[in-house]
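Dear colleague,

I am handing over the structure below, together with my notes on what turned up in it. Please read the notes with the coordinates open beside you.

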Amino acid sequence: MLDQTTDRPTDRPTDRPGAPVPHRTPGARTAPLPLLAVWLLTRLWLVPAALKISPFVGGGGLDPSVSKVYTGWYAVLSGGSFPLHDVSWQYPPGAALPILAPGLVPGLDYGHAFVVLAALCDAAVFALFLWAARRRGRSLAAPWLWTVGLAVLSTMPWNRFDLHVTALAILALVAATARRAWADRAFGAVTAVAAVVKVWPALLLAGTSRGRRTRTAWTAAAVTGAAVTAGFALAMPNAFSFLAAQESRGIQIESVGSLPFHVARHFGWSGTWAAKDGSHEFVGPWVHGVSIAMQISTVLAFGWLLWWRRRSDRTAARVLPDAALTATLLFVVTSRVISPQYLVWLIGLAAVCLLRGDTTQRPVALLILAACLFTTLDFPLLYRGLRDHASWLSIANLYVRNLLLLAAAWLSAHRLWRGTVPARRPV
């Protein structure tokens, strides 16, 4: 259904039979004091934990991702070049932005500045969700999911620049809901900036509606992405060195493809794990074959998305965030790597879906939240047992987490299809 003054979808539910019924909370405009209290309490705990100044955390400095990896990248990037022979640098040139940003914070060393900026980013996303939810009296499910999801993931989100990328993706999807002529261009441009930082936000474009909106958003994304990439390529050498590092990726020990190898280690499999390409990956018999199978599954997932776009009715405003979550879930579970920070992406996208009462992804959000708990148990609590000893407890935890993600991906795709593809009538 279209507004009479624009060609943008309204907030009213679609008239098609079987469409989701909007979920509204009458008290959404009241002061969300419990939500604010929970967010504040969880973040007050995260600050000393992330900075390693809590008596319950112990000493030892900041997270190694910040104190070693990011600090090393900063030293190279601040010198005017991208890392050339560092296999752990596997990101597009825009990733230099969140890595260099802490160097602009006065009075703090790099590690503490990174954590402070991440905390501010977390607060900004929470405020954006709260504003978007209360703007039209909607449910506070979105800021609740963001608050609880990141708290369950503990300090990890504040120690990864994935939080910054997710914030850009959320901003792009929220901007797309504005009833303004610039909304589609803003959505495409912000999506492109996020994709130049880390590729996965390009999947946000999967759900754009037919016609002018797709042309406008995709053109804005292409122009912005090309301009930003060209700017980095001209300003700093080795901007595309990350492509060579991506080619040799194997089966990371937390991915879906790793599951059979964890069990096989107890039954005489001759392979092992190795620190490779910036992560811990399996090496040995059958690993290459599974790696190829995972890449084929990614291609099949992409084919399904194309088929869905061909068949679907994408005029409802809820389809854009719903499709973004579905596409990202499909590519996470078919990837050769599932790092803990991938859950930050999924929590952010699921929260955007919950901003709309007629979303198809409400049960999917609960599965993702459950997966966050087992992700934190996996890393860092049970990670050494999984990697070094293949303990049955750590293997069982990983199986549960990955099965939850697989179930979320299937359910997300199933509900998206049923909610957008018209049923074929018998001849």
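Two residues are said to be in contact here when heavy atoms of theirs lie within 4.5 Å. Please keep in mind throughout that this is a predicted model.

In that sense of contact, Val-165, Leu-168, Ala-169, Leu-171, Ala-172, Leu-173 and Ala-175 of helix 6 meet a set of residues in helix 7, namely Ala-183, Phe-187, Val-190, Thr-191, Val-193, Ala-194 and Val-197. The axes of helix 6, which covers residues 162-175, and helix 7, which covers residues 183-197, come within 8 Å and cross at roughly 165°. Because angles over 145 degrees count as roughly antiparallel, helix 6 is roughly antiparallel to helix 7. The crossing of these two helices is left-handed.

As to the protein overall, 16 helices and three strands are found, and 53% of the 427 residues count as buried. Among contacts between residues at least 6 apart in sequence, 76% join residues at least 24 apart.

Leaving aside neighbours within four places in sequence, Ala-413 is in contact with Trp-304 and Thr-326, while the C-alpha atoms of Ala-413 and Trp-308, which are 105 residues apart along the chain, are separated by 9.4 Å.

On the cysteines, a search of the whole structure finds zero disulfides. Cys-121 counts as buried at 14% relative accessibility, and Cys-353 counts as buried at 1%.

Phe-379 and Pro-380 are joined by a cis peptide bond with omega of about 15°, and Pro-380 has its place in helix 14 (residues 362-381). Ser-154, in the loop between helix 5 (141-152) and helix 6, has a positive phi near 65°. Asn-238 likewise has a positive phi of about 65° although it is not a glycine; Asn-238 is found in the loop between helix 8 (212-235) and helix 9 (242-247), where a relative accessible area of 29% makes Asn-238 partly exposed.

Note on methods: Residues are numbered from 1 along each chain as its sequence is written. This is a predicted model: local features need pLDDT of at least 70, side-chain atom pairs count only at pLDDT 80 or more; totals for chains, interfaces and linings use all residues. Side-chain values use heavy atoms; hydrogens and water are left out. Helices (H or I, at least four residues) and strands (E, at least two) are DSSP runs, numbered from the N terminus. Buried means under 20% relative accessible area, exposed over 50%, partly exposed in between (1.4 Å probe, protein chains only). A disulfide is a pair of cysteine sulfur atoms within 2.5 Å. Axes are lines fitted to C-alpha atoms, for helices over the stretch in contact, and angles run from 0 to 180 degrees between N-to-C directions. Angles under 35 degrees count as roughly parallel, over 145 as roughly antiparallel, 65 to 115 as roughly perpendicular and the rest as oblique. A crossing is left-handed if the near helix is turned anticlockwise from the far one by less than a right angle, and right-handed if clockwise.
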